[in-house]
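Here are my notes on this one, point by point. Have the model open while you read.

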Amino acid sequence: MAAHSKSLKPIWVLKANCYEIGHTWNPSCIRAILDILLGGIVESVKIYAPVYVVTGLARRRSKRYWLYKFVPELLQSAVFLGTNAGAFIGCFCLSNQLFASFSYFTGLASGALASQLAILLERKPSKLTGMCYWHNGVTCGTVGSLLAISIERKDRRGMLAVYMFNVALETLCNMAISRGLITPRKHIEVLLFSLTAAGYAYLFRCFGGLSGIFLKGFRFLLGPEEAGRPSDARSLESEANRSLETEANKSLETEANRPATQSGKHSAWKQNLTVSRIMRLLKAALVQRHALCVHKHSCARYCLQGFARMFGMGYAAQAALRVVSSLQAIIRSPGRLLSCLFNKGNLKLGAFLGGFVGIFKFVSCFLRWIRDQDSELHAIPAGFLAGLCMFFYPSWTISLYLTLKLGELLYMKGIDTGHVPCITHADSLLFAVSTAVVLHACVMEPHNVKPSYWTFIQRLTRQRFGMMNRRTLDAYGTHASKLMPDFKPQLDPQYCLMKHD
């Protein structure tokens, strides 16, 4: 192997065909492609079926949907996934017969376009000759993904693009860490989530800032009290709240030295910001709400109720997931049910969700008491401080995904306002490039791919993606066989260009 690696001139060219590197289980390109394509469609039906059933029930789909749309949409998504996997192997084979030699930069710049044209024009049977380039994964993944995403429904392309971009960023970070290019910092995902939460919270407080599933999600999480409203509606509510204040509440306000007039309160609150005043305001918040608060009860009860509600839901969700994942063990030993229900690990998700809601509501009410005014800008510090609760439930996947969705949301708002240009088919291109990066890593360094995604790829291809000849790819120094160091494919020498021990 060492002698072989020294003979690579240039280093990115490997004289091998697609059989001895890629589809080692079958020397025929056509049969290998069909194995991946048909097997991928079958596995995709198994993956998507429960997802579509749960989604349909959650959205309370009509009988017409289940009779006429459920099966076509399920098959369309299944064909999308199967085509993605099959097209990748197909492009992998085509690249071996199309390109005899070219530079690294030429391959990256023109490989995707040339391969896509070749797919449309090439009619010759596959040949087991050619060269294998270390960046074939990028080229083949891009073309295969473009073909696949064109099959998927348009309303799902944006979501898939953001998800794959998320996985690609995680993969690139792992690749950079393994090469010593960057040093991982502890709890960096918490800081990223806090900044992202501040952005979402501000949009939530702005009327029309969020829409669709994110607006529904934040309303469910934080309640409708903090949602953005038209300025006139909020001012009318505030005036109504002020008129309903009792004499006792007015005396507490006087004791707290709150400015009496609208013109003076914006400057006076800073002068009166003392420890004694803050303590008096906190005591007042225990028994009443601020005049600008739209919730029904005292601010203290409002915050505690929000914390308790989401803590309970988080704990129950984590316990349910633990029970489902241990269902077989529970059936064999029913006593394990109690250990799943009362596991201390269930507290993490509850503490994260409950703390997020409780801190957000506390900071929002506190700023209203201190400043004696309400503002959408209050959501920025409230969201940032609430986001720190991810310490209890750290997740790079959640942080990156929500950050990317925030970027997508801001980009779409920029398009609506005319500040940024609209890029045609941007979702398809983003999905294609992101999938290409991930599939390239799955070929060259699968140990840097997120474990859950590697498991998904293995299931989709029925373990055939792990049957690539990664011991030969170790010549590139990426430790391609790190996950499966003992695997050695059984190759037929008559179809090989290289000598394999």
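1. Confidence is lowest in helix α5 (residues 104-121), at a mean of 31, and highest in helix α18 (residues 379-387), at 94. The mean for the protein is 76, and 76% of its residues reach 70 or more.

2. Some ground rules. This is a predicted model, so local features need pLDDT of at least 70 and side-chain atom pairs count only at pLDDT 80 or more, while totals for chains, interfaces and linings use all residues. Residues are numbered from 1 along each chain as its sequence is written, and side-chain values use heavy atoms, with hydrogens and water left out.

3. On to the overall picture. The protein has 22 helices and two strands, taken as DSSP runs numbered from the N terminus (helices H or I, at least four residues; strands E, at least two). Of its 501 residues, 45% count as buried; buried means under 20% relative accessible area, exposed over 50%, partly exposed in between (1.4 Å probe, protein chains only). Among contacts with a separation of 6 or more, 76% are between residues 24 or more positions apart.

4. Now the cores. A nonpolar core is a set of buried Ala, Val, Leu, Ile, Met, Phe, Trp, Tyr and Cys residues joined through side-chain atoms within 4.5 Å. The largest has 43 residues, and V438 and F465 have the most contacts inside it. Elements giving two or more residues to this core include α3 (29-58), α7 (154-178) and α20 (426-444), but the largest share, 10 residues, comes from α4. Leaving aside neighbours within four places in sequence, V438 is in contact with M164, V167, A168, T171, V449 and Y453. A second, separate core of 27 residues includes Y200, A227, A382 and L406.

5. Take a look at α9 (residues 212-222), where F218, L221 and L222 are buried. They sit on the same side of the helix because they cover an arc of only 75° around the axis, the arc being that of the directions from the helix axis to the C-beta atoms. I213 and K216 are exposed on the other side of α9. The cover over the buried residues includes α8 (188-205), α14 (299-325) and α17. Just after α9, G223 takes a positive phi of about 90°.

6. Which side chains pair up in salt bridges? The count comes to 10, a salt bridge being a side-chain nitrogen of Lys or Arg within 4 Å of a carboxyl oxygen of Asp or Glu. R459 and E43 form one of them (3.6 Å, N to O); R459 lies in helix α21 and E43 in helix α3, so the pair ties together parts 416 residues apart in sequence. E43, K46, R459 and R462 are linked in a network of salt bridges. E170 and K450 form another (3.8 Å, N to O), and both are buried.

7. Finally, please check R368, found in helix α17 (residues 346-371). R368 counts as buried because its relative accessibility is 3%. Its side chain meets that of D374 in a salt bridge (3.5 Å, N to O). Beyond four places in sequence, R368 touches R205, E226, H290, L292, C293, Q373, D374 and H378.

Terms used:
Contact = heavy atoms within 4.5 Å. pLDDT = per-residue confidence, 0-100.
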